[in-house]
Amino acid sequence: HSLRKEIDLVDNYLNIQQVRFDHMLHVKKNIDQNIVLENIPVPSMLLQIHVENAVEKGIRNREGAHELSITISDEEGFFKILIEDDGRGRLPNTMYGENRKGSTEVMNDLIAILNFYNDEKIMVTYDDQIIHHQYGTRVTILLPKNFNYAFEKI
């Protein structure tokens, strides 16, 4: 679906979280005004999964955490999406158990399948301890402007 629809899903989720957090969750969105969100296709739940993880696994698990930011910019050849929080940060994979596959791993598998059919790849990277080298997480998503979401027969 469109990036506009994905942002709407994220906004709905964050509105619910504002009630849960007694309006203590501070959300900053910085979306380049020149980007036509309706014209940019994205895999469903691409942002939602990372925003939900930021709130549920990060912010809720660190006392005093309450900041979440989403930035979308138009770069040469791709759109750059940053999702940052001041939460606990991601735990090492060993904390989750060997056979457990979380939502981000499922999304990364989908992206790998989509990338197989494209020369330019969707890239997702994670940076931990972004604040004072102690806490917080940054998810960076690079969406190529020329990306084909159709599967071709092999």
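**Chatting through helices, a core and a hairpin**

Me: Hi! Let's start with α2: what covers its buried residues?

Reply: Happy to. The cover over the buried residues of α2 includes α1, β2, β3, α3, β4 and β5. Keep in mind that this is a predicted model.

Me: And how many residues of α2 are buried?

Reply: 10 of its 13 residues are buried, so α2 is mostly covered. The buried set is Leu46, Leu47, Gln48, Ile49, His50, Val51, Asn53, Ala54, Val55 and Gly58.

Me: What about its span, from first C-alpha to last?

Reply: α2 reaches 18 Å between those two atoms, close to the 18 Å expected for its 13 residues at 1.5 Å a residue.

Me: Switching to the core. How many residues are in the largest nonpolar core, and which have the most contacts inside it?

Reply: That core has 35 residues, and Leu3, Leu14, Ile141 and Leu143 have the most contacts inside it. Two or more residues each come from α1 (3–20), α2 (46–58), β2 (67–75), β3 (78–85), α3 (103–116) and β5 (135–144).

Me: Which element gives the most?

Reply: α2 does, with 6 residues in this core.

Me: You mentioned Ile141. What does Ile141 touch?

Reply: Setting aside residues up to four places away in sequence, Ile141 touches Leu46, His50, Phe79, Lys80, Ile81, Ile83, Ile122, Met123 and Val124. One of these, Val124, stands opposite Ile141 in β5.

Me: So what about β5: how many of its residues are buried?

Reply: 8 of its 10 residues are buried, so β5 is largely enclosed by the rest of the structure.

Me: How many bridges join β3 to β5, and how many join β4 to β5?

Reply: 8 bridges join β3 to β5, and these two strands run antiparallel. On that pairing, Leu82 has Thr140 in β5 as its bridge partner. Between β4 and β5 there are 7 bridges, again with antiparallel strands.

Me: What do β4 and β5 form, and what is in the turn?

Reply: They form a hairpin with 3 residues between the strands. His132 sits in that turn and has a positive phi of about 55°.

Me: Back to α1. Which of its residues are buried?

Reply: In α1 the buried ones are Leu3, Glu6, Ile7, Val10, Tyr13, Leu14, Gln17 and Gln18. They cover an arc of only 150° around the axis, so they lie on the same side of α1.

Me: Why does a pattern like that come up in an α-helix?

Reply: An α-helix has 3.6 residues a turn, so residues three or four places apart point the same way.

Me: What's on the other side of α1, and what covers the buried residues?

Reply: Ile16 and Val19 are on the other side, and they are exposed. The cover over the buried residues of α1 includes β1 (26–31), α2, β2 and β3.

Me: Where does Asp22 come in?

Reply: Asp22 follows α1 and has a positive phi, near 55°.

Me: Last topic: where is Asn118, and is it buried or exposed?

Reply: Asn118 is in the loop between α3 and β4 (123–131). Its relative accessible area is 6%, below the 20% cut-off, so Asn118 counts as buried.

Me: What does the side chain of Asn118 reach?

Reply: Its side chain reaches the backbone nitrogen of Asn148 at 2.8 Å. A polar atom of the Asn118 side chain also lies 2.8 Å from the backbone oxygen of Leu114. Leaving aside neighbours within four places in sequence, Asn118 is in contact with Phe147 and Asn148.

Notes:
Residues numbered from 1 in each chain as written. Predicted model: local features only at pLDDT ≥ 70, side-chain atom pairs only at ≥ 80, totals over all residues. Heavy atoms only, no water. Core = buried A, V, L, I, M, F, W, Y, C linked by side-chain atoms within 4.5 Å. Buried < 20%, exposed > 50% of the residue type's maximum accessible area, 1.4 Å probe, protein only. Helix = DSSP H or I, 4+ residues; strand = E, 2+ residues; numbered from the N terminus. Contact = heavy atoms within 4.5 Å. Arc of directions from axis to C-beta. Polar contact = N/O pair within 3.5 Å; in protein donor to acceptor, adjacent residues only side chain to side chain. Pairing = 2+ DSSP bridges. Expected span 1.5 Å × (residues − 1).
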